[in-house]
Each structure stands twice: as structure tokens, then as C-alpha cells.
Amino acid sequence: MASSKKNTNNTGGKKNTATKAEPEGQVNSDKKKQIRLTAGILSLLLGAFICFSIISYYFTWHTDQDKLFNSNSLWQFLLHDKSAVANWGGRLGAVLSHLLVFRGAGIASLAIGLAILALGAHMIYGKRVVPLLRYMRWVSILLLIAAPALAYLSPQSPFPYGGALGNEAVAYMNGFAGSAGTGMILIAAACFFLFVVLALDIRPLLRRMRSAAANAGAAIATARQKNEAEKAVAENIATEEEAEPAAPMMLKEEANGLREWNMTLGEKSSQKTINDTYANEAAVIERHETAILTEEAPEEEYEAEEIEEEEEESAAEETADEEFSFEVIKQEDEPTIKHGEHISLESKEPYAPELDLPSYKFPRLDLLEDRAQEAISLDKEELEKNKNQIIQTLRSFGIEIQRISATVGPTVTLYEIVPAEGVRISKIRNLEDDIALNLAALGIRIIAPIPGRGTIGIEVPNAHKQIVSMKALLASEKFANSKMSLPIALGKKIDNENYIVDLATMPHLLMAGATGQGKSVGINAILVSLLYKKHPSQLKFVMVDPKKVELSIYRTIEKHFLAKLPNEEEAIITDTKKVIYTLNALCIEMDNRYELLKEAGARNIKEYNEKFINRKLNPERGHKYLPFIVLVIDEFADLIMTAGKEVEMPIARLAQLARAIGIHLIIATQRPSVNVITGTIKANFPARIAFKVSAKVDSRTILDAGGAEQLIGRGDMLVSHGSELLRLQCAFVDTPEVENIVEFIGKQRGYPSAFELPEYEGEDGDGADKVLDLTNRDKLFEDCARTVVQTQSGSTSMLQRRYNLGYNRAGRIMDQLEAAGIVGPAVGSKPREVYFKTEAELEQFLNTLD
């Protein structure tokens with residue numbers, strides 16, 4: 001019994017000591033807050049008093065200066081002198097302002113009071129007092145420059161604008177460099193302070209001045225042209241009055257005829273060309289203006305007609321879409337004049353690629369399910385419990401902390417701690433498993449330190465996780481008003497901020513993670529974001545799906561957004577051989593686009609398309625509007641296993657070069673091993689997304705850092721973009737929602753076929769029938785035949801060297817030469833026998849073969 005009582009007493013004592021020890025950190029932090037608040041208030045009052053006294057000194061210095069000079073010392077004047085002073089701050093204000101202004105830096109000493117004010121404000125509002133050194137540096141430089149400058153500008157003024165510091169500095173510089181040299185030195189010092197210390201940028205001001213001057217010049221030029229046009233019209237009026245006196249009566253009938261033509265434009269047959277009708281209309285309007293101008297004041301009527309024409313043109317531009325659709329329906333045999341591919345080169349109207357499909361409508365937000373739950377609930381009990389557990393665990397290992405704060409996200413909560421002085425970060429980083437054990441939670445991740453904050457982060461999963469709605473992300477202002485080229489909404493960060501990034505700046509994306517951790521949902525989120533933001537004329541997808549089921553849902557939008565090889569039936573590529581052809585075709589498309597950019601003098605696709613839209617490039621020379629192309633590969637490991645280097649090399653080439661011409665890659669894989677994600681691929685994919693993986697080695701393979709193995713799955717991911725590593729909760733979009741979106745797009749009018757990639761001729765034959773078919777000879781068949789006859793050597797390796805061919809293609813050409821009867825069959829390692837001895841015989845045979 002006695003022992004049991006002792007035990008209970010001991011346990012009770014331990015509890016009491018624990019409860020007493022817990023609030024010690026809170027007491028220390030409260031005391032520090034009180035000290036900082038008191039110091040901030042005192043600094044704020046001191047700075048205000050100094051500024052107040054200096055401003056008063058400007059008005060009262062001549063009254064108080066004699067009293068200060070007559071006293072034995074300033075200290076005696078301050079404490080023992082009973083005479084009244086005029087300074088608003090009393091004797092203390094008079095002494096401070098005398099020391100700072102008269103004996104110091106003059107009126108520039110106001111900067112000292114302002115700096116103390118700023119210091120007090122920082123301390124009151126609880127911010128770090130780190131900028132104190134920066135303030136002191138700026139104030140010292142300002143005093144050293146402003147005091148001599150004020151003394152130099154007011155040499156005869158009785159008021160000490162520059163103070164003793166400014167007067168002594170100016171006197172020394174006048175003796176050293178003269179008055180002019182002193183001015184130059186001060187100007188150079190002022191420029192240094194403005195452009196180096198404060199980093200003042202005057203380029204926007206210069207651009208505004210330049211644009212204002214250009215606008216003024218353009219206005220003057222247009223005014224001159226208008227005056228010349230008015231003079232020319234007046235001369236034409238005078239000549240036509242002499243030649244046709246009866247024009248006004250005839251023009252009324254013509255004007256009525258013009259109205260009748262406008263009313264029945266859609267019903268009349270297209271006997272005249274549109275250019276002729278426009279010419280007749282212009283002639284009628286010109287004669288109608290001439291008739292009116294003969295009767296009334298010329299200048300006023302001419303200006304009125306000009307204003308009406310401008311209003312008609314603006315109205316026509318506003319209703320361009322309606323006019324386009326009207327012409328297509330009513331007059332199918334007439335080419336479109338204002339928009340589309342057949343637009344005239346002489347037109348000054350900007351080219352609009354969206355008018356290829358003028359009736360296209362973007363998907364509506366109601367096609368997505370509304371999963372928006374209530375605001376993230378703050379479970380105070382859970383937060384307090386986790387906070388106490390973290391503090392208790394760290395203290396049990398002898399680690400004290402100064403402050404702890406929590407940021408609640410949709411999936412995890414970030415606890416930021418500030419350790420006490422002398423605590424090593426590595427000591428906290430090694431306690432990851434111990435904290436996870438005490439919190440009884442999975443996915444604990446320690447960020448030591450958090451970049452840019454000076455704190456250590458501990459990420460703890462929430463007990464009640466929330467789904468991030470794709471509809472909420474797409475409806476956000478950040479996504480709707482984004483000016484990005486290819487905006488993608490990935491999810492939400494820990495601080496509940498929407499994470500929206502531009503794929504064009506990534507410029508390629510590598511995704512990896514274990515099975516069922518959210519890769520396919522992440523790909524759907526990226527694709528849905530692009531479908532909601534881009535027009536079919538601006539974006540094309542090349543989709544590779546070795547699993548044959550993940551991306552097949554997008555087959556419906558083949559004629560709107562998909563690209564494929566010529567003469568292919570399926571736009572979603574599943575065959576490995578076709579994948580190789582497609583990747584090489586993309587390389588050819590990349591080379592062709594670079595040739596267009598070279599001819600246009602553009603550095604990237606954005607500059608090229610702007611030039612084409614502004615009609616600075618001629619379509620007759622092969623120029624065209626270039627849409628973005630996004631290559632999506634769902635399971636990259638399968639391609640590497642089956643094709644290997646044949647897939648890796650074109651992908652590496654695209655990743656290295658295709659960014660500038662608008663081709664971007666999104667590659668996903670389940671197995672992030674080094675033989676799948678090789679060094680060549682990693683070097684060219686700066687943006688990477690890692691879902692939960694099984695081992696730390698896989699995390700390092702993807703991100704070059706650990707952490708992905710500690711994620712909790714179901715869309716929890718790490719994004720490495722640039723130099724930062726962020727933890728996100730991926731936006732959730734379900735398969736029925738994707739089906740609704742693609743069905744909405746697929747029901748609309750699309751292009752006649754999918755976007756065709758360049759044709760790629762592989763170097764390996766598909767069978768004996770194709771090899772022996774002389775109607776489908778290789779392009780180099782005749783050249784190789786002439787070379788074989790000239791050298792009298794039927795060697796495959798010789799064709800390889802001479803024409804820089806692969807072995808498969810050179811062998812196929814040699815088989816075709818054998819089938820045509822030009823060379824004999826293979827004889828081991830010896831060259832084949834050549835049946836033709838002269839080139840004349842060969843040419844005659846080739847003519848009969850054609």
C-alpha cells in the first residue's frame with residue numbers, strides 16, 4: 001500500500017512538473033513581445049519628436065540660437081537654464097535640433113528622425129528588424145550627399161541648410177576642385193545614390209516620352225495628309241462641276257439602287273466579283289459626295305462622310321463573326337474575304353486564326369462537378385495536440401524552440417518553428433521518425449530550413465483531408481485572367497493558394513509515381529486546363545498511350561485538337577513502331593519550323609506568330625500560323641523497354657531544341673528508375689512532378705532530392721520547378737467530367753481531319769512484298785543504280801558511306817536493285833555482280849522501268 005501511494009505521488013509530481021514546464025516557452029515569448037512593443041513605441045515617439053523639433057528649428061532658429069551660444073554648455077542650458085525658448089519641442093527640442101542641424105548635417109538630418117520612425121513601426125507590427133542596417137546605410141549615404149549639396153546650393157543663406165558637415169565638405173572640395181568641380185562631384189554622388197543604392201529605373205519614363213513624340217509626329221503627318229486630300233477633293237469638285245452639271249439628279253437613282261443591292265445581297269447570284277461590287281459602291285459614294293459638295297459647304301460634308309465611313313467600318317469589325325457565318329451559309333461558292341486562309345495579302349486587317357472555326361464555343365464550367373466544400377475547417381484540438389506533441393518531442397531530445405506557427409492546407413498542415421540559438425538544423429532533421437512516432441501519422445516531412453523564411457517546417461497530414469475541385473481552380477480569377485501561353489491548373493499549395501503555371505516556360509514536364517497515386521488524374525487536369533483556355537487553331541495534342549485505355553477518352557476531339565501521321569486511322573498512338581515514326585515526324589516538324597523562323601527573322605514561336613498575324617509574312621512563301629504542339633506520353637517505361645534508343649534519342653532531341661518553336665513534352669511513368677529516366681532525359685526536363693513513390697532512391701531519381709517517398713498518396717505531390725520544391729494537392733477531375741468536356745467539344749464543327757504531321761519514311765522495311773514492289777521504289781533508287789554501275793561494285797556499305805544512309809535502308813535499296821535485275825544476288829561478304837556495264841544501258845533500262 002505504501003509503495004502504491006509513493007508511485008501515485010511520483011506520477012502526480014511528474015504531471016505537475018510537466019504542466020509547469022509547458023508554458024515556459026509561452027512566457028518567454030510573451031515577455032519578448034512586450035519588450036519589443038515597448039521599444040517600438042519609444043522609438044516611434046523619439047523619431048516623431050526629432051522630426052517635430054527639426055521642423056520647428058527652421059522657423060525659430062534665429063530666436064533660440066543666441067541663448068544656446070551664450071550658455072556655457074548645452075548640458076547646462078538643458079538642465080539649469082530657465083529662459084523660455086521658441087522651439088516647439090522646448091529646451092530638449094532646441095538642443096537636439098541645434099546639434100543635428102547647425103552642428104550636424106543641416107536640414108537633411110530629418111532622415112535620422114524618419115529612420116527612427118520606421119524602426120519603431122517595424123518593432124510595433126512584429127516584423128523582423130533586419131532592414132535596420134539597410135536604413136542606416138541609406139541614411140548615412142543620404143546625409144553625406146544631401147548636406148554638401150544643400151550647402152553648395154545656398155552659400156549666402158543665413159540658415160544652415162547643409163549644417164557644419166555640408167559647409168566643411170564644400171569648403172574642402174572648393175579648395176580641391178574649385179566650384180565647378182564641386183558641382184560635378186555632387187551630381188555624380190547624387191546619381192550614384194539614385195541609380196545604384198535606390199536602383200531607380202527611368203526606362204519607362206523614356207519610353208513614354210518616345211511614344212508621345214512618335215504620336216505627335218504621326219498626328220502632324222495625318223493632319224498634313226488630310227489637308228492635301230481636302231485640296232484634291234476641292235479641285236475634283238471644280239472640274240466635275242464644269243463637266244457634269246446634271247449629276248445630282250442621276251445620283252439619287254444610283255443611291256436607291258445601292259440600298260436595294262444592300263438589302264438583297266444574300267439573294268442575288270454571284271455574277272460579279274466582290275471586288276467589282278466594292279469598286280462600284282466606292283464610285284457611287286464618291287459621286288454622291290461630289291453632288292452634295294456642289295450644293296453645300298465642301299469641308300463640313302466631307303468630314304461628315306469620313307466619320308460615317310469610319311463608324312461603318314468599326315461596326316463591320318465588331319460583327320465580323322456574324323458576317324463570316326452569313327457568307328458561308330448563304331453564298332457557299334464565294335471565298336471568304338475578311339478571314340480565314342484565303343484572306344487577301346493586301347488586306348490590312350490582322351489575321352485571326354480563331355476564325356477557322358468561328359462558331360467554336362469553349363467548354364462551360366457546369367460540365368465539371370462542384371466539389372467545393374466549405375472553407376478548410378480549423379480543428380483547434382488537432383492543431384493544439386500536434387503542436388504540443390512536436391514541442392514535447394523536441395524538448396525530450398534537448399531542443400528548445402522560440403516560436404511555432406501552423407498553416408493549414410487541404411491535405412497537410414505546415415508547422416513552422418524557430419529553434420533557439422545554438423541548435424543545429426541537422427539535429428532536428430534527424431528526428432523525423434521520432435516525430436512521426438509521437439504523432440502517430442504517416443507522411444511526416446521536415447523542411448530544414450524553409451527557403452527564404454529562416455524557419456524549419458514540419459509537414460503533418462490532416463486527419464480530415466479535402467478534395468481540391470478542378471472547377472474552383474478554373475473559375476478562379478488567376479486562371480481566367482491569365483496571360484500565359486499554355487496555362488495549367490495543377491492544384492493548391494499548403495497555404496491554399498491556387499498553383500497555376502505556364503507550360504511554355506517549364507518547358508517540358510516529367511511526371512512519375514507509383515501505381516494509383518494520381519498520375520492519370522494529374523494528366524487529365526493538365527489537358528482539361530488547356531482545353532478550357534485554348535482554341536483548336538492554337539493548340540494540338542500528340543497522345544501516346546501504350547496502355548491503350550488511359551487517353552482513349554480524347555479520341556472524340558480528334559478533328560479539333562489532335563495531331564497524327566498522314567493516312568493513319570487512329571489519332572491516339574498505341575503501337576510502338578508508330579510511336580517511333582511519330583516522334584521522328586515531330587523532329588521533322590521541328591526542323592521545318594526552325595526554317596520558317598530563320599526566314600522570318602524570329603527567335604521563338606511567339607514572335608513568329610505575331611509577325612504572321614500582323615501580315616508581315618507571305619503565305620505564298622510557305623509561312624503559316626504555327627499552333628502549339630503538346631506531346632503526351634502516359635507510360636514511358638513501356639516504350640523504353642520495347643524500343644529503347646529509338647524512342648530515347650528523338651525525345652532527347654525534342655527536349656533540347658523544341659521549346660522555342662512551341663513543341664512541349666509531358667512524359668509520365670510508373671517506374672522512375674535510372675534506366676527509364678536516364679541522364680539525357682533528366683537534363684532536358686527541368687520541371688518535374690513526383691507523386692508518392694515506394695523508395696527514397698526513386699524520389700532522388702525524379703527530383704534529385706528525397707521527400708516523394710513520404711507523401712500520402714491520392715494526389716499529394718511534389719513539384720520541382722526552377723529552384724523551388726513545392727508540395728501540392730492535385731486538382732481532382734473524374735472520368736465522367738472529362739467525357740462531358742470532350743463530348744461538348746466533339747459535337748461542334750471541327751476541321752476536316754486531324755492536324756497532319758510531316759511524313760516520316762523509316763529505314764527498316766515492313767516485309768518482303770514491300771521490298772520487291774518496284775512501283776514503290778526508294779527515292780534514291782536511280783542515284784544508287786548509277787553509282788553501282790559507275791563503280792561496278794554492288795556493295796551495301798558503299799551506299800551507306802556515299803549517301804549517308806542507315807544499314808536497313810541501304811539494304812532495302814540493294815534488294816530493289818536485285819529485283820530490278822541491275823545487280824546479282826548476295827555472295828557472302830563479296831560485292832554483288834553488276835549486270836550493266838555502261839551508263840547508257842542503265843539509262844535506257846530505267847526509262848523502260850518507269
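Tutor: Start with burial: a residue is buried under 20% relative accessible area, exposed over 50% and partly exposed in between, using a 1.4 Å probe and protein chains only. I391 has a relative accessible area of 16%, so I391 is buried. The model is predicted, so local features need pLDDT of at least 70 and side-chain atom pairs need pLDDT 80 or more, while totals for chains, interfaces and linings use all residues. Residues are numbered from 1 along each chain as its sequence is written, and side-chain values use heavy atoms, with hydrogens and water left out.

Stay with I391 for a moment. I391 sits in helix α13 (residues 380–396). Helices (H or I, at least four residues) and strands (E, at least two) are DSSP runs, numbered from the N terminus. Leaving aside residues up to four places away in sequence, I391 touches I401 and I404. Contact here means heavy atoms within 4.5 Å. I391 and I404 are 13 residues apart in sequence, and their C-alpha atoms are 8.7 Å apart in space.

Now step back. The protein chain has 31 helices and 15 strands. Of its 850 residues, 41% count as buried. Among contacts with a separation of 6 or more, 66% join residues 24 or more positions apart.

Next comes the interior. A nonpolar core is a set of buried Ala, Val, Leu, Ile, Met, Phe, Trp, Tyr and Cys residues joined through side-chain atoms within 4.5 Å. The largest such core has 115 residues, and F541 and Y554 touch the most other members. Helix α20 (residues 576–600) gives the largest share, 11 residues. Look closely at F541. Not counting residues up to four places away in sequence, F541 touches L527, L530, L531, F561, L562, A563, V630 and V632. A second, separate core holds 21 residues, including F781 and I813.

Now the rings. Rings of Phe, Tyr and Trp (its six-membered ring) pair if their centres lie within 6.5 Å; planes under 30 degrees apart are stacked, over 60 edge-to-face, and the rest tilted. The structure holds 7 aromatic pairs. One is Y351 with Y625: their centres are 6.4 Å apart and their planes at 50°, so the pair is tilted. Y351 is in the loop between α12 (320–330) and α13, and Y625 in the loop between α21 and β10, so the pair ties together parts 274 residues apart in sequence. Y351 is buried at 10% relative accessibility, and Y625 is buried at 18%. F541 and F561 form another tilted pair, 6.3 Å centre to centre with 45° between the planes. That pair links strand β8, which holds F541, to helix α19, which holds F561, 20 residues apart. F541 is buried, with a relative accessible area of 1%. F561 is buried too, at 0% relative accessibility. Y360, F362, F541 and F561 form one aromatic cluster.

A few backbone details follow. The loop between β8 (539–544) and α19 (558–561) holds K548. K548 has a positive phi, near 70°, though it is a residue other than glycine. At 53% relative accessibility, K548 is exposed. R615 also is not a glycine and has a positive phi of about 60°. The peptide bond from M506 to P507 is cis, with omega near -10°. P507 lies in the loop between β6 (498–502) and β7 (509–512).
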